[in-house]
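Some labels given to residue pairs and side chains are worth checking against their cut-offs. The questions below do this one label at a time.

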Amino acid sequence: MIEREITKIQELVYELRVGDVMKRGVIKVIPSTQMSDLRAVLRDNRISGTPVVEEGRLVGIISLEDFIRWLYDGGPDCAVVDRMTRKVISVFEDEPLIQAFNNLERFGFGRLPVLARGIGKLTGVITKGDIIGGLLKKLDIGYRQAEIHSTRSSHIFEDIVADKSALIFEYQVSGGDFSRAGNSAGGLKTTLLRLGISPQITRRAAIATYEAEMNLIFFTNGGKIKTKIEPEIIQIEVEDDGPGIPDIDQALKPGFSTAPEWVRELGFGAGMGLHNIQKCSDRMNLSSTVGKGTRLKVEILVGNEDGSE
Amino acid sequence: MKLQDVQQVLQAELVWNTDCGDQEVSSGHASDLISDMLTCCTPGSLLLTGLTNSQVIRTAEILDLTAICFVRGKKPQPETITLAKEKGMPLFVTQLLMYESCGRLYSKGLAVGAR
Ligand SMILES: Nc1ncnc2c1ncn2[C@@H]1O[C@H](COP(=O)(O)OP(=O)(O)OP(=O)(O)O)[C@@H](O)[C@H]1O
Ligand SMILES: [Mg+2]
């Protein structure tokens, strides 16, 4: 019995054509679509990538991964054409399913654009879910199960974030490097806004990061800022192996500062930073060992719009 | 208040962004301490300051400020102007002292940008 079904499937993957099971009416973007608009396209359609089409012709593919990499780089907004993959693996409508399946397997892609042979026009998109769905439908078994499977595989951005793989961004800060001071906080701010986090929450996260970043620059040889973004919470972890803080309670008091003259000349060093970080966060934890380094953990709840600042 | 009104009230020179005149500022904040700006400056404010280093621009970016006016005729450093252009932050310079700058804007009804 099992053997017979397998043989049947084997026949079907050669018999059925890509055009029989693919999704038509493809969501697509044009080369000039802005990266900042891509998030909404992916989210609203619950897809993890989309073909880039110019006058009906497929010119590239842009994926969630490209989007995340763009966020990570923190560069200016740009057109998808600057970020897309140009060498696209695609299949033709009249090819057997096995061809699409092999391409998906071999390249590890989630989806393949489907072209009409001859004119090269984009007519659809095929995923493994579509292939399984098509086969099951033909075999007349558990089609609904296949549907569930295919929506699961088409994770959108929010799902990815909600998943175990929260978005994590790391910034290296070098001590005394004043020329780039504020880059991490500025980068985080852009990223959060691009992710659709509210301006109020973004501001609190950016201020806390900025204060922590300046402390790394002024008081240590540098360190690492790690931000983890999840739908409910933003966590910011700042670590250095600098001189450490001898008395944490004292350091947290507004007005306490050991900042040298050059720091004060720049307008810093009023001893407000740590206190301000505390005000911006929903939870904060500061631990330090003299001679070893300092570790600061800040948590900001994304839903807590009117939290203190 | 529009930035062009601010410019007129303070008899300020525009350092950069000739198209910014129509932008609105909701309030004003005056300080020479970045530490203080970071604790209480309201978003959307105009910042009056005597600090001219580029860190002021970074701070203004983090705080979502609208524009910066340097007081006492202090010219911003070249890297400050470069960064301001990159971040789209309009810059002005007024010859007036901090006290008079604030007084003029306050009496014209510009709100206090602090909390
Ligand atoms: N990462 C760190 N490593 C060592 N010492 C630190 C660190 N962060 C803060 N401190 C110490 O804690 C003090 C208070 O820090 P805080 O950020 O509150 O004020 P500040 O940096 O001195 O001034 P401001 O933040 O207002 O510019 C600092 O003066 C410094 O002595
Ligand atoms: Mg500080």
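This is a predicted model: local features need pLDDT of at least 70, side-chain atom pairs count only at pLDDT 80 or more; totals for chains, interfaces and linings use all residues.

Q: Why is the pair A:Asp94 and A:Arg117 called a salt bridge?
A: The closest N and O atoms of A:Asp94 and A:Arg117 are 3.0 Å apart, and the rule asks for a side-chain nitrogen of Lys or Arg within 4 Å of a carboxyl oxygen of Asp or Glu, so the pair qualifies. A:Asp94 sits in the loop between strand 3 and helix 5, while A:Arg117 sits in the loop between strand 4 and strand 5, 23 residues apart.

Q: Is A:Asp94 buried, partly exposed or exposed, and why?
A: Its relative accessible area is 37%, and because buried means under 20% and exposed over 50%, A:Asp94 is partly exposed.

Q: What makes B:Glu13 and B:Lys75 a link between separate parts of chain B?
A: B:Glu13 forms a salt bridge with B:Lys75, with the closest N and O atoms 3.5 Å apart. B:Glu13 lies in strand 1 and B:Lys75 in the loop between strand 4 and helix 4, so the pair ties together parts that are 62 residues apart in sequence.

Q: Why do B:Lys87 and B:Glu86 carry their exposure labels?
A: B:Lys87 has 31% relative accessibility and therefore counts as partly exposed, whereas B:Glu86 has a relative accessible area of 59%, which is over 50%, so B:Glu86 is exposed.

Note on methods:
Residues are numbered from 1 along each chain as its sequence is written. Chains are lettered from A and ligands numbered from 1 in the order in which they are written. Side-chain values use heavy atoms; hydrogens and water are left out. Helices (H or I, at least four residues) and strands (E, at least two) are DSSP runs, numbered from the N terminus. Buried means under 20% relative accessible area, exposed over 50%, partly exposed in between (1.4 Å probe, protein chains only).
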